[in-house]
Amino acid sequence: MLKPSRILAIINPISGVGSKTRIPGLLADAYNSREEELLITYTKGEGHATRLVKEAIENDIDSIIAVGGDGTINEIASALHGSHVKMGIIPKGSGNGLARALGLPLSSDAEAVRVITEGHTTAIDTGLVDGKPFFCTCGVGFDAEMTKRYAETSRRGLITYIKAAIDEYIAFRPQQYRITIDGEIVETKAFLVTAANIDQYGNNFYIAPDASPSDGLLDLVILRPFDPLLAGHVALQLVTKNIDKNSCVDSYRGANIVIERECDDKAPAQIDGESVLAGNRIEIGVRKQSLLVYTPQSAEK
């Protein structure tokens, strides 16, 4: 007799935005009449989700449901990629970039649970920046400095994000880069350089409108310095999926990218919206279709 599938929900009770108190009950109701065995656990600190995932893989868990903010989603996906275990997402973040790109429900936890129980999966790529996995975007320049500023605030949400962007824009100075995309070399001064596995940063700010999470390639977007009077126009193009039409934007697509920049030792970078420090040479690659995620069938790209 075959063993029933085992599902583990990992809930981060303090990450992201919005209440998670109803989610255990929604999951219990959804799986009550099904063959699968449902387990629910909570994270208890930094790095705990990674340990829970590794233990789950060793114990033959079939699917893991990530419940939390963008950082929690990245941590669980990073530990899962390359394994046989499927990933469900109940998004509770402030940006929800991956969830938005995959067409997952954002306003209804019950609908997010339904997508998971329907069982349709999409194999998505994993980006690697200096060996560290990412699933949405990684970048240097303005977006990295803004992410650092946002991380230093005590509040989360779109308004705080926009304020951090405005404050950083006033102080920011573009930098010179040498970028190699699958052997092609580009030398330029840039406002930002972003490698994108999906079309957006989150909050429907579309940095790479044509990016696909499943094509085995990353979209590299270089935004060169622009007239400050056009800042509002650039922001509008980001939310209307037209940034690729800006005359100051150069777009490339590749599987192996090297970004070289002028910095003494370490400088800010952002990986899936998390502020990190990286060196003056950053190596970015991709692992094709290495993570299975539950998605609506209509989300196929």
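Biologist: Which domains does the domain assignment of the protein give?
Modeller: The assignment gives domain 1, spanning 6-119, and domain 2, spanning 132-288. Keep in mind that this is a predicted model.

Biologist: Thanks! How far apart do the C-alpha centres of domain 1 and domain 2 lie?
Modeller: Those two centres are 27 Å apart.

Biologist: And how many residues does the contact take from each domain?
Modeller: Domain 1 puts in 14 residues and domain 2 puts in 18 residues.

Biologist: Which element gives the most to it?
Modeller: That would be α3, with six residues in the lining of the largest pocket. Elements giving two or more residues are α3, β4 (86-91), α4 (97-101), α6 (142-151) and β15 (274-278).

Biologist: How do the lining residues split by class?
Modeller: For the largest pocket there are 23 polar, 15 nonpolar and seven charged residues.

Biologist: Okay, how about the second largest pocket, how much space lies in it?
Modeller: About 460 Å³. Of its 21 lining residues, F142, M146, A165, A235 and L238 are the closest to the centre.

Biologist: Which elements give two or more residues there?
Modeller: For the second largest pocket, they are α6, α7 (158-171) and α8 (231-239).

Biologist: And what classes do its lining residues fall into?
Modeller: The lining of the second largest pocket has 19 nonpolar residues, one polar and one charged.

Biologist: New topic: helices. At what angle do the axes of α2 and α3 cross?
Modeller: Helix α2 (residues 48-58) and helix α3 (residues 70-80) have axes that cross at roughly 35° and come within 9 Å.

Biologist: Is that crossing left-handed or right-handed, and which residues make the contact?
Modeller: The crossing of α2 and α3 is right-handed. From α2, the contact uses H48, A49, T50, V53 and I57, while α3 brings E75, I76, A79 and L80.

Note on methods. Residues are numbered from 1 along each chain as its sequence is written. This is a predicted model: local features need pLDDT of at least 70, side-chain atom pairs count only at pLDDT 80 or more; totals for chains, interfaces and linings use all residues. Side-chain values use heavy atoms; hydrogens and water are left out. Axes are lines fitted to C-alpha atoms, for helices over the stretch in contact, and angles run from 0 to 180 degrees between N-to-C directions. Helices (H or I, at least four residues) and strands (E, at least two) are DSSP runs, numbered from the N terminus. A crossing is left-handed if the near helix is turned anticlockwise from the far one by less than a right angle, and right-handed if clockwise. Contact means heavy atoms within 4.5 Å. Ala, Val, Leu, Ile, Met, Phe, Trp, Tyr, Cys and Pro count as nonpolar, Asp, Glu, Lys and Arg as charged, and the others, Gly among them, as polar. On a 1 Å grid over the protein atoms alone, a cavity is a set of points where a 1.4 Å probe fits but cannot get out, and a pocket is an open set with protein on both sides within 12 Å along at least five of seven lines; lining residues have an atom within 4 Å of a point. Grid points are joined across faces, edges and corners, and a volume is the space filled by probe spheres set on the points. Domain bounds come from an automatic or database domain assignment.
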